[in-house]
Amino acid sequence: MEKIIEVQHLSKSFGDHEVLRDIDFSVEKGEVVCIIGSSGSGKSTLLRCINLLETPSGGEIIYKGENILDDNHDIYNYRTKLGMVFQQFNLFNNHNVLSNCTVGQMKVLGKSREEAEKTALKYLKVVGMDKYINAKPKQLSGGQKQRVAIARALSMEPDVMLFDEPTSALDPEMVGEVLKVMKELAEAGLTMLVVTHEMGFAREVADRVVFMDKGVIVEEGSPEVIFNSPREDRTREFLKRTLNPIEV
């Protein structure tokens, strides 16, 4: 299998606070990797280091055989290969749905408006939002906004999609519609790296699950192994708390 991203000995500190320590893992083409763990375990920071929204303190990020942290690497070009879906949607409120999905293509990829709109419509259809092209974000529900955000990222036709807790800002009844779209993308063979607290999604959709705690990868494996027979006490403890929360 072709490795798209390979992280080696990655570390990240904010001042004296070490958030990530000696992280090693990779994402292969067509693979869905879910990262799980408690709040504050470093999951989102890892994602933000991979797309260079945060600068790692040490280690390497290998993309298609090249360390993108080398001084001479074209970071701008690398970023265009990663689609990012945030917790809070991050849509342009003054643009309508269609424009949200075309502006990046035109500015960053240099596409014509006609070409950009054609691509945007294709992906808006994929996420079920093609009927809302003239709506502004304020007219949409949270679930609809997140589906537009997914279409916007897909419109850049990236090599890998990064999702940072994509359902955490949604009302419970809207979570399902976003997870359904993500499941369909996974089934279509999209390479996905997903930070999530949706254990059902990780169990059902992931090819591999990575459990993080206190800035390190504690263990990783197939959903079957991680959820049914984890090796580490910390993993067992986390899953026990998450899957069987104490009834108050």
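This is a predicted model: local features need pLDDT of at least 70, side-chain atom pairs count only at pLDDT 80 or more; totals for chains, interfaces and linings use all residues.
How many bridges join strand E3 to strand E8, and do the two run parallel or antiparallel? Let's start there, everyone. Four bridges join them, and the strands, E3 at residues 32-36 and E8 at residues 192-195, run parallel.

E3 and E8 belong to an open sheet of six strands, and the order across it is E6-E7-E8-E3-E9-E10, with mixed pairing. At the edges you'll find E6, residues 82-85, and E10, residues 216-221; each has a single partner strand, so one side of each is left without a neighbour in the sheet. From one strand to the next, the twist averages 20 degrees.

What packs on this sheet? Helix H5, residues 142-155, does, and it touches E6 and strand E7, which covers 160-164. The direction of H5 makes about 170 degrees with that of E6. Helix H6, residues 172-187, lies across E3, E7 and E8, and runs at about 150 degrees to E8.

Those two helices also pack on each other. The axes of H5 and H6 are 8 Å apart, at an angle of about 20 degrees. That angle makes H5 roughly parallel to H6, and the crossing is right-handed. If you'd like to follow the contact residue by residue, the H5 side has Gly142, Gly143, Gln144, Gln146, Arg147, Ile150 and Leu154, and these meet Met174, Glu177, Val178, Val181, Met182 and Leu185 of H6. By class, the residues of this contact of H5 with H6 come out as seven nonpolar, four polar and two charged.

H3 and H5 pack with their axes 8 Å apart, at an angle of about 25 degrees. That makes H3 roughly parallel to H5, and here too we have a right-handed crossing. On the H3 side, the contact is made by Val97, Asn100, Cys101 and Gln105; on the H5 side, by Val148, Ala151, Arg152 and Ser155. The contact of H3 with H5 has four nonpolar, three polar and one charged residues.

Let's stay with H3, residues 97-108, and turn to H4, residues 113-126. Their axes come within 9 Å and cross at roughly 125 degrees. So how does H3 lie relative to H4: parallel or oblique? The angle makes H3 oblique to H4. H3 passes H4 in a right-handed crossing. From H3, the residues involved are Val97, Leu98, Cys101, Thr102, Gln105 and Met106; they meet Arg113, Glu115, Ala116, Glu117, Thr119, Ala120, Leu121 and Leu124 in H4. Sorted by class, the contact of H3 with H4 has eight nonpolar, three polar and three charged residues.

Ser13 has Glu18 as its bridge partner in E2. The hairpin of E1 and E2 has two residues between the strands, and Gly15 there takes a positive phi near 65 degrees. E1 is also joined to E4, residues 58-63, by five bridges, again antiparallel. In that pairing, Gln8 stands opposite Glu60 of E4.

One last topic, and that is charge. Side chains of opposite charge can pair when their charged atoms come close. How many salt bridges does the structure hold? There are 14 of them. One to look at is between the side chains of Arg208 and Glu31, at 2.9 Å from N to O. Arg208 lies in strand E9, residues 208-213, while Glu31 is in the loop between E2 and E3, so the pair ties together parts that are 177 residues apart in sequence.

Conventions
Residues are numbered from 1 along each chain as its sequence is written. Side-chain values use heavy atoms; hydrogens and water are left out. Two strands pair if DSSP finds at least two bridges between them. Axes are lines fitted to C-alpha atoms, for helices over the stretch in contact, and angles run from 0 to 180 degrees between N-to-C directions. Contact means heavy atoms within 4.5 Å. Angles under 35 degrees count as roughly parallel, over 145 as roughly antiparallel, 65 to 115 as roughly perpendicular and the rest as oblique. A crossing is left-handed if the near helix is turned anticlockwise from the far one by less than a right angle, and right-handed if clockwise. Ala, Val, Leu, Ile, Met, Phe, Trp, Tyr, Cys and Pro count as nonpolar, Asp, Glu, Lys and Arg as charged, and the others, Gly among them, as polar. A salt bridge is a side-chain nitrogen of Lys or Arg within 4 Å of a carboxyl oxygen of Asp or Glu.
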